Amino acid sequence: MARKDLNQELNELICSFQDQGILDDYFDELKGLQDEESPQFVTNTITTYLGGADNTIAELTTNLSEPAVDYSMVTYLADKLKGSSLSVGGSRMANVCAELCDASEANDREACLARFEVVNREFLTLQESLSKIVQLEQAIYDDKE
Amino acid sequence: MAPAIANGHTSNNGNRAEGGNAGNPDRPALRYWRNKLSTLLVDESENHRILGTAYLTAYGVETRSVSNGRAAMELIFSGARFSLILIDMHMRCMSGAQCVSHLRTMGVRSPILGMTTFCREGEEQAFLAAGGNGFIPKPLSPNNFLQVLEALDNNQG
């Protein structure tokens, strides 16, 4: 597929995710940092985010399955996931992480588990969306090489 | 997982990337300053370090990043000096306030801002009481850091 078509497809995909609220305007700023000097900046940033988020979610799963939940750790992890999600324009993901933070600060186990379920669902959506962006970015990059 | 790369250079903990800083020093900056500005980013999040470094470098600020307070202290102890230090408020082993306190004890006089997505009650006061100068929202964006840099550049004369 011609590079122009791929770029157009990518732009339309990003707009679609922004219209759905999966990504916000910060993703445009992130994309603005990519240039010929750093042609895979977006791909690398997303890859870093997804790897880190996977680890954080695994830690949250472990913590929330303990008989005695360490709420300070849950709050820390949820806050960390919120911040990193914001860095890739994932404000909807960040919002559900904030709700998990609130539940953890209230030491409410049931609410934490319910919110964490939402976090997991939202992460799957964000992960799928970002992966599609990475696929197109890689196709554009490969087309240039 | 492949190592994170910002602007074509690996993000090394406290070190300039091989072959230049994170961000090509030969590429024209988006903004020029009267003074040479340098920033230290202290953040556990690799994403934030990559993005923050890329943004600040693009705007003409020599930037280094470390992942925790101890590494920041080691860097300062080795003699490194910065126009501005940005510290994540919520780090696991050493909080932003604790890090500020240590840096001030070590004699650091540069402005130090806390980076945060939100602050709990008392956290802001603790950070300021420890010697912090203010706050800046995360993630870093020209919308929030440009005015900080302008004030810094003007204050340096």
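**The cores**

The largest nonpolar core holds 67 residues, and those with the most contacts inside it are Tyr49(A), Leu130(A) and Ile133(A). A nonpolar core here is a set of buried Ala, Val, Leu, Ile, Met, Phe, Trp, Tyr and Cys residues joined through side-chain atoms within 4.5 Å. Buried means under 20% relative accessible area, exposed means over 50%, and partly exposed is in between, with a 1.4 Å probe and protein chains only. The largest share of this core, 11 residues, comes from helix H6 of chain A, residues 109-144. Helices (H or I, at least four residues) and strands (E, at least two) are DSSP runs, numbered from the N terminus. Apart from this core lies another one of 20 residues, among them Ala71(B), Leu75(B), Ile76(B) and Phe127(B).

Before I go on, some housekeeping. This is a predicted model, in which local features need pLDDT of at least 70 and side-chain atom pairs count only at pLDDT 80 or more, while totals for chains, interfaces and linings use all residues. Residues are numbered from 1 along each chain as its sequence is written, chains are lettered from A and ligands numbered from 1 in the order in which they are written, and side-chain values use heavy atoms, leaving out hydrogens and water.

**Chain A**

What pattern does chain A follow along the sequence? Read that way, the pattern is α-α-α-α-α-α, with 6 helices and 0 strands. The C-alpha trace of chain A spans about 55 × 25 × 20 Å along its principal axes. Of the 145 residues in chain A, buried residues make up 50%.

An unreviewed UniProt entry gives the annotation "domain: HPt" for residues 38-140 of chain A. UniProt positions are given in the numbering used here, feature names are shortened, and annotations may be inferred rather than shown by experiment. Residues 38-140 of chain A are 84% helix and 0% strand, and the end C-alpha atoms of this span are 13 Å apart.

Now look at Ile46(A), which is found in helix H3 of chain A. Ile46(A) is buried, with a relative accessible area of 0%. Leaving out residues up to four places away in sequence, Ile46(A) touches Phe27(A), Leu130(A), Ile133(A) and Val134(A). Contact means heavy atoms within 4.5 Å.

Tyr49(A) is buried too, at 1% relative accessibility.

**Aromatic pairs**

How many aromatic pairs are there over all chains? The count comes to 5. Rings of Phe, Tyr and Trp (its six-membered ring) pair if their centres lie within 6.5 Å; planes under 30 degrees apart count as stacked, over 60 as edge-to-face, and the rest as tilted.

The ring centres of Tyr49(A) and Phe123(A) are 6.4 Å apart and their planes are at 65°, so this pair is edge-to-face. Tyr49(A) lies in helix H3 (residues 41-64) of chain A and Phe123(A) in helix H6 of chain A, so the pair ties together parts that are 74 residues apart in sequence. Phe123(A) counts as buried, at 4% relative accessibility.

In chain B, Tyr59(B) and Phe145(B) form an edge-to-face pair, 5.5 Å centre to centre with 80° between the planes. Tyr59(B) is in the loop between helix H1 (46-58) and E4 of chain B, and Phe145(B) is in helix H5 (residues 142-155) of chain B, 86 residues apart. Both Tyr59(B) and Phe145(B) are buried. Ring pairs link Tyr26(A), Tyr55(B), Tyr59(B) and Phe145(B) into a cluster.

**The sheet in chain B**

The unreviewed UniProt entry for chain B has the annotation "domain: Response regulatory" over residues 38-153. That span is 44% helix and 21% strand, and its end C-alpha atoms lie 11 Å apart.

Strands of a sheet pair through backbone hydrogen bonds, either parallel or antiparallel. In the counting used here, two strands pair if DSSP finds at least two bridges between them. Chain B has an open sheet of 5 strands in the order E4-E3-E5-E6-E7, with parallel pairing. Strand E4 (62-66) and strand E7 (134-137) of chain B are the edge strands, each pairing on one side only.

Strand E5 (residues 84-88) and strand E6 (residues 112-116) of chain B run parallel and are joined by 4 bridges. Ile85(B) stands opposite Ile112(B) in E6(B).
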